[in-house]
Amino acid sequence: MADYHPNQRDEIRRKYLTWGPHQPRGFKFPYRTIGKKKNKNSERRFNPDWFDQYANWIEYSEKEDRAYCLCCYLFRDNVKDMHHGHDAFVIKGWNTWNKTKRLVTHVGDRNSFHNRALKDCDDLLKKDQSIHAALHRQSQIEKNKHLIRLNAAIDVCRYLLHQGQSFRGHDESKDSENNGNYKEMMDYTIKQNDVVAKAFKNAPDNNQLLSPKIQKDIVECFAKEMLSSMMDEIGSGVFRLLVDECRDVSDKDQMAVVLRYVDKCGLVQEKFVGVVHVEEITASYLKSCIDFLFSELGLSLKQIRGQGYDGASNMSGEFNGLQAKVMTLTNGLSKTLQIKDKDIVNAISDVESTKRELENLRTNEGWSSLMEKVTFFCEKHDISILDMGNDYVNPKKPRQKTGINNEHHYRVDCFFAILDLLGKEFNDRFNVVNSELLVCMSALSPSELFAQFDKEKLLKLANLYPDDFNRKDMMTLEHELSLYIDNILNDTREIFSAMKIVKNALRNKIGDDYLSHSLIYYVEKGLMDTITNEVIVDRFHKMKNRRGRNEM
């Protein structure tokens, strides 16, 4: 036992005693010759009846063919002394099977080494009488007191976060009349709750959970748990990224980040996931901030299926650059959908403009303009120019007269034919019905906070699907669309304005992380009831090597 650490020896002894002495009762014990004369009386072996007679300590080794005392082995002195059978039953092992009195002498009287070791074994198994048990009871009491103090601190933090109140005071010295909301509420809780008061009585100065660092850590635990709940809901699904500039009272440029997604119940959710301090307003730096935030949340840019940025902010130009950078990292399908979704009205307008341009090319002005460009190109590169007034010669049948000149061939047979082909393709893909359908669908685009939302277009879109929208549906749709856009816009404004409450003029020195964590809790109050104290206690103890953690 001396080879083990002193703090581990009792646990190892208890494990041995739990297993009990090794007693192979079904083993065929071998005979051995004892003495010089070889006869029937000299052949002896281990008697298995001894397992019943000395059941609580004797054990047998099949390999050594010797008997040992488990109790004396666990509590031996490691020093050769006068105890009966010390060497025989602990170190060397006993095998003089003919001298059964050695078993009796090993046990000895009440104060023998063997009986003292046997009592130590009994005490070790009785947890209430062991030294380890006494220390464990003491540590359990301290652990319970620590948990009471920590739960009180969590409750105070929960209330202050819910109300958007500050934690610290201007003067938190002992002589101050106002030590700040956190300490004042903690003092009030101690006065009103005897259990909490008893836990704080004689508590170590470094384990009272009153320091600003502890307060920030508890706030961080709340924010991390809420973010974890949001990320579990998103999983590997897709979402829309909303970013807005939110300069606070200390005039620091910051980005407020919101994710919009559809939950497992099919409901649209908007979740505020943090505020990021912006030191530069370049697109590359904004992109790096988004990358860092997503890495902390375990999200990927490939999950983005839309982006929304505040077009009226000072950062609007850079946000456009940021949007372009983010779009380059999304997959091909997402990129295509985003382009159509964002510029669908302009795209339809471009299609119509292209059609008109193709028609203009058929006129004399269009042909003359094209010929001027061709002539300039040929002269620049020393290419011979055909005389458009000469007769056209078919290269495949040079002797046959065509009856047309070069201008007719290249203009009508070649140029007009290509224009007709392109016009047919445009008309097939973008006819009147398709174009009208796409224009109406563009009213659902969430770009620039639903800037293209048009109730009339959406009602017209619904009319195009009579099987899905009956007369009763059409009567209620107009009212529902008004409620929908009002709800979306108000939710977004509420998220981006919460900072004015959490970080006011009296709290203008609040740190970036602390501000972000506080805002997450204040904005997403709906998740508050799902975050229990037990979860916060567990995360709090996992954050760092804290006092009281080892006893948990």
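1. A residue is called buried here when its relative accessible area is under 20%, exposed when it is over 50%, and partly exposed in between, with a 1.4 Å probe and protein chains only. This is a predicted model, in which local features need pLDDT of at least 70 and side-chain atom pairs count only at pLDDT 80 or more, while totals for chains, interfaces and linings use all residues. Residues are numbered from 1 along each chain as its sequence is written, and side-chain values use heavy atoms, with hydrogens and water left out.

2. On the overall architecture, the protein chain holds 22 helices and 8 strands, where helices (H or I, at least four residues) and strands (E, at least two) are DSSP runs numbered from the N terminus. Of its 552 residues, 38% count as buried. Contact means heavy atoms within 4.5 Å, and among contacts in the protein chain with a separation of 6 or more, 63% are accounted for by residues 24 or more positions apart.

3. A nonpolar core is taken as a set of buried Ala, Val, Leu, Ile, Met, Phe, Trp, Tyr and Cys residues joined through side-chain atoms within 4.5 Å. The largest such core has 61 residues, and those with the most contacts inside it are Ile218, Phe222, Leu259, Val273 and Phe294. Helix H10 (residues 212-234) contributes the largest share of this core, 11 residues. A second, separate core of 30 residues includes Met1, Phe29, Leu74 and Val90.

4. Val273 deserves a separate comment. Leaving aside neighbours within four places in sequence, Val273 is in contact with Leu227, Met230, Met231, Val257, Leu259, Leu293, Leu297 and Ile520.

5. Glu270 is placed in strand S7 (residues 268-277), and with a relative accessibility of 14% this residue counts as buried. Its side chain makes a polar contact with the side chain of Arg260 at 2.3 Å; a polar contact is a pair of N or O atoms within 3.5 Å, where within protein one must be able to donate a hydrogen and the other to accept it, and residues adjacent in sequence count only if both atoms are side-chain atoms.

6. A search of the whole structure finds 22 aromatic pairs, with rings of Phe, Tyr and Trp (its six-membered ring) pairing if their centres lie within 6.5 Å, and with planes under 30 degrees apart counted as stacked, over 60 as edge-to-face and the rest as tilted. The rings of Phe46 and Tyr60 have centres 5.0 Å apart and planes at 40 degrees, so this pair is tilted. The pair links distant parts of the chain, since Phe46 is in the loop between strand S2 (43-44) and helix H2 (50-53) and Tyr60 is in strand S3 (residues 58-61), 14 residues apart. Phe46 is buried at 0% relative accessibility, and Tyr60 is buried with a relative accessible area of 1%. Both belong to one aromatic cluster that also includes, among others, Phe27, Trp50, Phe89 and Trp97.

7. Charges also sit over aromatic rings, a description used if NZ of Lys or CZ of Arg is within 6 Å of the ring centre and within 35 degrees of the ring normal. The charged end of Arg13 sits over the ring of Phe75, 4.5 Å from the ring centre, and Arg362 lies over the face of Phe416 at 4.8 Å from the ring centre.

8. The count of disulfides comes to 0, a disulfide being a pair of cysteine sulfur atoms within 2.5 Å. For the sulfur of Cys71 the closest cysteine sulfur is in Cys121, 3.8 Å away, which is too far for a bond. Cys71 is buried, with a relative accessible area of 1%, and Cys121 is buried, with a relative accessible area of 2%.

9. Ile34 is in the loop between strand S1 (32-33) and S2 and is buried, with a relative accessible area of 19%. Ile34 and Asn98 are 64 residues apart in sequence and 7.9 Å apart in space, C-alpha to C-alpha. Apart from neighbours within four places in sequence, Ile34 is in contact with Ser42, Arg44, Trp97 and Asn98.

10. Most residues other than glycine have a negative phi. Asp65, in the loop between S3 and strand S4 (66-69), has a positive phi near 55 degrees and is buried, with a relative accessible area of 14%. Asn202 has a positive phi of about 60 degrees although it is not a glycine; Asn202 is found in the loop between helix H9 (194-200) and H10 and counts as exposed, at 74% relative accessibility.
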